[in-house]
Amino acid sequence: MPVRVVDTATPSSQPSPGQETNSVHPSPPSCSLLSAGRCFAGTQNVSSLQKDEAWKVNVRIHGCDLEQGYLCGTMEALNVPLADTPVLTFWEGEIVDAKNYTFFTGKWEASPEDDIRHWSKFPSFTPLLVETDGGKSLDLSNYPHIFMRWKEQYFVNVGVDCGLTIAGFYYVCFSCSDGSISGFYYDPSSSPFQKLELKCTNEKNSGFTFSSYELQ
């Protein structure tokens, strides 16, 4: 959720070319660290040419359906300069499994070139051979990383005039071994390659407490 730069048109609601309805390929591995109730904490680097800046970020997964390639959750930014309180957003995610979704986004102003440019930032993406079909032929069922897109849908506790934008989305890479998350935010109107880095915080019953908000 970077600082708003310019007004951005509402993303198209047309189905993504990467979304499939058949069941040719298996789902991603069942990863216990990627499940409802899991919490993560870290930072998002929102630096620009003018200044260096990073926000503390908390993420909670509220729902996860690996079979359908879907998950959702909330993201809380704690030290946003333009906000008087932590800013909480609700997001929905697409799991790249070569069955429901591919590496090609097909919406949100992201071209295949944008997709490859961002996925290539993750070292774990390098061994994968993604063809012009976006990776439909790949078998990701036993891959040690899960690739996702997270799209913030609405602000939970502040208005749309809070000075931030949720017009873009995150390219996300999740490690099944330790639950760490890396991500890059994409929005043509924001600073490029804003990096999200999160660690799982509630393994063995440890973690943080979110502020109390009611989701719509």
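1. Is Cys-176 buried, exposed or partly exposed? With a relative accessibility of 21%, Cys-176 counts as partly exposed, where buried means under 20% relative accessible area, exposed means over 50%, and partly exposed lies in between (1.4 Å probe, protein chains only).

2. Please keep in mind that this is a predicted model, in which local features need pLDDT of at least 70 and side-chain atom pairs count only at pLDDT 80 or more, while totals for chains, interfaces and linings use all residues. Residues are numbered from 1 along each chain as its sequence is written, and side-chain values use heavy atoms, with hydrogens and water left out.

3. On the cysteines, a search of the whole structure finds 0 disulfides, a disulfide being a pair of cysteine sulfur atoms within 2.5 Å. Cys-176 is in no disulfide, and its nearest cysteine sulfur, that of Cys-31, is 3.6 Å away. For Cys-64, the closest cysteine sulfur belongs to Cys-72 and lies 8.9 Å away, which is too far for a bond; Cys-64 is itself partly exposed, at 28% relative accessibility.

4. Turning to the strands (DSSP runs of E, at least two residues, numbered from the N terminus), strand 5 covers residues 145–155 and is mostly covered, since 8 of its 11 residues are buried.

5. Strand 5 pairs with strand 4 (residues 87–96), to which 8 bridges join it in an antiparallel arrangement, pairing being counted if DSSP finds at least two bridges between two strands. Within this pair, Gly-93 stands opposite Trp-150 of strand 5.

6. Strand 5 is also joined to strand 6 (residues 169–175), by 6 bridges, and these two strands run antiparallel. Here Phe-147 has Cys-173, in strand 6, as its bridge partner.

Notes: Helix = DSSP H or I, 4+ residues; strand = E, 2+ residues; numbered from the N terminus.
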